[in-house]
Amino acid sequence: MSKFPTGFMWGGATAANQLEGAWNSDGKGMSVADVAKFKPNIDKKDYVSQWHTSPSDILAAKETDDEIYYPKRHGIDHYHRYEEDIALFSEMGFKCYRMSIAWTRIFPNGDETEPNEAGLAYYEKAFQTLRKYNIEPLVTLSHYEMPLHLVEAYGGWANRQVMDMFVNYSKTCIDRFNGLVKYWLTFNEIDSAFRHAFTTVGIIEENYPSKKKAEEAIYQSLHHQFVASSLVTKYLKEVSPESEMGCMVTKTMTYPETCNPEDVYLAQKDNRMNFFYTDVQVRGVYPKFVLNYWKNNEFNIAMTPDDLSVIKEYPVDFISFSYYMSIVQSIDADQREKVGGNLTTGVKNPYLSITDWGWQVDPLGLHISLIDLYDRYQKPLWIVENGLGYQDTVEEDGSIQDDYRIDYFRDHFKAIADAIADGVEVMGYTSWGCIDIVSASTSQMSKRYGFIYVDLDDYNEGTLKRTKKKSFEWYKRVIATNGEEM
Ligand code: BG6
């Protein structure tokens, strides 16, 4: 008998800015993703530099229509091929598909009063196509693609007006897609504001007089996002009570390097910070340690009593998260080998294997994370991102034998099954980049996650032809047997 509950939502996940392309078609405005440059000479493991976009980078990007060095502008041309791609997802047996709406297709600059009909019509057709195949959409309203204009003219999310504009954009989507979309997420990896502030909250750190001032602005932005999330949840419940809203965080499991209490305390600090976001969005209150931190640093975070009541009254219905790796903290970090990854850097864990991009692979860490989250909140969990970034090889016969990816998924699926056996409520699983897309951090095509290979290289050369990898048939079997056959 399957260890996964009946109705378990197997599927895949993507984000508009990494696959749609058509960056300036049908009235779409420029988003922060459209100025993200592919930097071929940067170390694959140098996560911080990969993400960094300076004020001069933005100016240079705005002056060019180039797509080769701005790969998120072309993506995999999903905008024109979504029907073919969704048909392939259906062939794999997807029960659900996580995708995002590009804010700039609906409100090109973010501050318009009327939405762009062409953008709404595009997503309506995409959702109808999913429904035709009985695939449940799970929709992220903001996945690293805020309008660039809101950064330049308003200073990003530190400005409360941006919160109002986001709420208006979200209400527009909820109204238009009512009946087509039941499951929503507000902000992708809300915690990443401290890892790449420009992409997530539109904060350009160079524009602040000090690192502390930029940090204060990021906390202010997060406050606005928390309030926005609750206001949107409130609206969703009013107009579509059967719909559900989730939060989305990067699950960052941190281990102490040793049983030295100082290592344990360092790891606890990281884990506690990781819980900050879900504490607010699930419990509806700010944890005391964050309030104390603001006080001790003289951070003045503007908020109204109404903000706190709406956060309290409208928490999320479920918790979704991405999980790729775990990290290790040590008081002797200076003397240890470091690793990169989609988190800040940590110390190398000798028990784990590591990808070419420096991400430490840890399936048991997923099992532990599921228990940690469930025991803390007793809310249903949905793993909405997980997967292996790998440089696949196309064999002479045109096939892609990605057994390494199958092994990765099998280990992680077993970890989920074990967590379910341990009493954790898991709603579903959507693998990241179920079709090859442009990497968020490196803007490479060669960092591939998909079950479906897309013929396109890092320099926008290729036919865009879609080919099923070996893992395609394997995942299809997993879904068809609800995880019994792996
Ligand atoms: C997550 C993001 O952090 O990691 C995705 O939500 C991203 O957008 C994914 O693509 C994998 O990261 P990368 O940099 O390998 O694409």
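Author: A residue is near a molecule if one of its heavy atoms lies within 4 Å of it, and with that in mind we can look at the ligand in this predicted model.

Reader: Which residues come nearest to the ligand?

Author: The ligand has 15 residues around it, and those that come nearest are Glu 189, Ala 440, Ser 441, Lys 447 and Tyr 449. The shell is made up of six nonpolar, six polar and three charged residues.

Reader: Which polar side-chain atoms lie by an oxygen atom of the ligand?

Author: A polar contact is a pair of N or O atoms within 3.5 Å. Here a polar side-chain atom of Lys 447 lies 2.7 Å from an oxygen atom of the ligand, one of Gln 18 also lies 2.7 Å from a ligand oxygen, and one of Trp 432 lies 3.0 Å from a ligand oxygen. Of the 380 Å² of accessible area that the ligand has on its own, the protein covers 98%.

Reader: Why is the pair of Phe 89 and Phe 94 stacked?

Author: Aromatic rings pair if their centres lie within 6.5 Å, and planes under 30 degrees apart count as stacked. The count comes to 51 aromatic pairs. In Phe 89 and Phe 94 the ring centres are 5.1 Å apart and the planes stand at 10°, so this pair is stacked. Phe 89 counts as buried because its relative accessibility is 0%, and Phe 94 counts as buried at 3%.

Reader: How are the planes of Tyr 324 and Trp 359 arranged, and how far apart are the centres?

Author: Tyr 324 and Trp 359 form an edge-to-face pair, with 85° between the planes and 5.2 Å from centre to centre. The pair links distant parts of the chain, 35 residues apart, and both Tyr 324 and Trp 359 are buried.

Note on methods:
Residues numbered from 1 in each chain as written. Predicted model: local features only at pLDDT ≥ 70, side-chain atom pairs only at ≥ 80, totals over all residues. Heavy atoms only, no water. Polar contact = N/O pair within 3.5 Å; in protein donor to acceptor, adjacent residues only side chain to side chain. Areas by Shrake-Rupley, 256 points an atom, 1.4 Å probe, with all protein chains shown as cover. Nonpolar A, V, L, I, M, F, W, Y, C, P; charged D, E, K, R; others polar. Phe/Tyr/Trp six-rings, centres within 6.5 Å; stacked < 30°, edge-to-face > 60°. Buried < 20%, exposed > 50% of the residue type's maximum accessible area, 1.4 Å probe, protein only. Helix = DSSP H or I, 4+ residues; strand = E, 2+ residues; numbered from the N terminus.
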